[in-house]
Amino acid sequence: MSGRLPDFPWDHLLEHGERARAHPDGIVDLSVGTPVDPTPEVAQAALRGAANSPGYPLTIGRSETRQACIDWLERRHGVTGLTLGSVLPVIGSKELIASMPGHLGLGPGDLVAYPELAYPTYEVGAVLAGATPVARDSLTSFGPEVPALLWLNSPSNPTGRVLPVEHLRKVVDWCRERGTLLVSDECYVECAWEAEPVSVLHPDVCGGSHDGILAVHSLSKRSNLAGYRCAFVAGDPSVVAELLAVRKNLGLQVPGPQQVAMQAVLEDDAHAVEQHARYAARRAKLREALLTAGFTIDHSEASLYLWSTRDEDCWETVSWFAERGILVAPGSFYGVAGSRHVRIAFTATDERIDAAVARLTV
C-alpha cells in the first residue's frame, strides 16, 4: 500500500534541516507550523477534571461537545441550522481527510478533486481509496467530468488565500447541480489577518441548506491543541451519519477526556484572542524582514504561513534559508504550481522569530 502513496515530502528536507541545525545560534524551524505556545489552562483544567474515564467513548461523541461545536460555529462564524446529528468529533483533521473518500465508499472510477496548491493529504485520501486524484482550480476545466468529492481549502494551506463569498457560492451551486460532495477544509478559519474567511456552511454561501456540504474544523491551531488530536466535521446530516456508521465499525473514537477539553476551549474565546495576537505580532515581524530581504509575499491574508518567493526554484530558496540556520518548506510540496515559492510558518517562539529576523536583515 505504501508504494501507491506519494513520497512523504518532509523526508526530502532532512539534509537542509541538518545544515540549518549547524548554525552557531541553532536552527529556526519555520517549516512545519506546529504550535509551540502552551495549551490553554482552560483545556488543561478540563482534561484533569475528566481524567477518570474508565469506559469506552462513543464514536458519535458527547452531546455536550457536539453542542459546543454548533454554538461556536454560530457565535463566531454565523453558521445556523446545525443539529446534533450534523456534527461528528474526529481524531484530528488529518485522519478524517485521509480516510473520508474510503469511508464514503469512493474507489476506482471516482474523481477526488482538490486545489492545484494543496495540503498533500487530499491526494493521499484519494489514493488510499483507489480513486483518481485531480488537482484543479477552475470548475470549467472539468468539462464533462464530474468529481465525486471536491475539496475546498479556505483559508488555504499553503498560500493563505481566502476565497470570497461569491466564489464559494458558485462552487456550492456547481456541486449541487452535479451531485458532487463538497467538503471545505476550514482549519485556519480563525487565523485571519487581512481578510474575513467565511464558512461554506454560512447561509450567505449555502442558502440556508447544508445538503451535500461538509466543513472540517480543527482546534490544533486556534487553541494549541495539536497534541490532543481534536477536530470535528459538520454539515449534511446524511453524510455525517454515513461517516459515523463506518467509523463505529472501526472504533474511531475521540477519547472522552479530550472531548471534555474540546468543549471547554470551544466555549472560551479569550484564549483564542490572546493566541491570535501572539501570531499577529510574529507575522508582522517576519513579514517585514522578508520584504526587506527582497522577497515577495503572495496571498497570505490568513493561515499561519507567509507564501514567499524570490522568483527562483523553491529548493534554491530552501538552501538559502538553510545557510542562515532557517528551515522552510518548499512550495513544490503542495503541487507543481508552488515550485517557485516557499511556505514560511510564523509559529515559532518569539525568541526564535527574533533570531530569524536578525538573520534575514543582516
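Let's start with a helix contact. In α2, the residues V42, A43, A46 and L47 meet P257, Q258, V260, A261, A264 and V265 of α9. One caution before I go on: this is a predicted model. The two helices are α2, residues 41-49, and α9, residues 256-266. They pack at an angle of about 145°, and their axes are 8 Å apart. The crossing of α2 past α9 is right-handed.

Stay with Q258 for a moment. Q258 sits in helix α9. Which residues does Q258 touch, leaving aside its neighbours within four places in sequence? L47, Y228 and C230. Now take Q258 together with A43. In sequence they are 215 residues apart. In space, C-alpha to C-alpha, the separation is 8.7 Å.

Next, the sheets. I'll take the seven-stranded one, then the four-stranded one.

The sheet of 7 strands is open, and its order is β2-β8-β7-β6-β5-β3-β4. Its pairing is mixed. Which strands stand at the edges? They are β2, 87-90, and β4, 132-135. Each has a single partner strand, so one side of each has no neighbour in the sheet. From one strand to the next, the twist averages 20°. At the β4 end, β3, residues 111-114, pairs with β4 in the parallel sense, over 4 bridges. L111 stands opposite T132 there. Helix α5 packs on this sheet and touches β3, β4, β5 and β6. The direction of α5 makes about 175° with that of β3.

The edges are β9, 296-298, and β12. Each of these has a single partner strand, so each has one side left without a neighbour in the sheet. Two helices pack on it. Helix α10, residues 270-292, touches β9, β10 and β13, and its direction makes about 5° with that of β10. Helix α11, residues 314-323, touches β12 and β13. For α11, the angle is about 35° with the direction of β13.

Look at β13 in detail. Strand β10, residues 305-309, runs antiparallel to β13, and 4 bridges join them. Y305 has A345 as its bridge partner, and S308 has V342. On the β12 side, strand β12, residues 329-330, pairs with β13 over 2 bridges, again in the antiparallel sense. There, P330 stands opposite V342. Where do the β13 side chains point? V342 and I344 go one way, R343 and A345 the other. Buried or exposed? All four are buried. R343 also lies over the face of Y305, at 3.7 Å from the ring centre. There is another arginine over a ring: R310 lies over the face of W320, at 4.6 Å from the ring centre.

That brings me to the aromatics. Searching the whole structure gives 13 aromatic pairs. One of them is Y122 with W151. The pair is stacked: 5.0 Å centre to centre, with 25° between the planes. Y122 belongs to helix α5, residues 121-129, and W151 to strand β5, residues 149-153. Y122 and W151 are both buried. Ring pairs also link Y114, Y119, Y122 and W151 into a cluster.

A second pair is W193 with F346. Stacked or edge-to-face? The ring centres are 5.8 Å apart and the planes stand at 70°, so the pair is edge-to-face. W193 is in the loop between β6, 181-185, and α7, 203-206. F346 is in the loop between β13 and α12, 350-360. The pair links distant parts of the chain, 153 residues apart. Why does W193 count as buried? Because its relative accessibility is 18%, and the cut-off is under 20%. F346 is buried too, with a relative accessible area of 0%.

Notes
Residues are numbered from 1 along each chain as its sequence is written. This is a predicted model: local features need pLDDT of at least 70, side-chain atom pairs count only at pLDDT 80 or more; totals for chains, interfaces and linings use all residues. Side-chain values use heavy atoms; hydrogens and water are left out. Buried means under 20% relative accessible area, exposed over 50%, partly exposed in between (1.4 Å probe, protein chains only). Two strands pair if DSSP finds at least two bridges between them. Contact means heavy atoms within 4.5 Å. Axes are lines fitted to C-alpha atoms, for helices over the stretch in contact, and angles run from 0 to 180 degrees between N-to-C directions. Rings of Phe, Tyr and Trp (its six-membered ring) pair if their centres lie within 6.5 Å; planes under 30 degrees apart count as stacked, over 60 as edge-to-face and the rest as tilted. A charge sits over a ring if NZ of Lys or CZ of Arg is within 6 Å of the ring centre and within 35 degrees of the ring normal. A crossing is left-handed if the near helix is turned anticlockwise from the far one by less than a right angle, and right-handed if clockwise.
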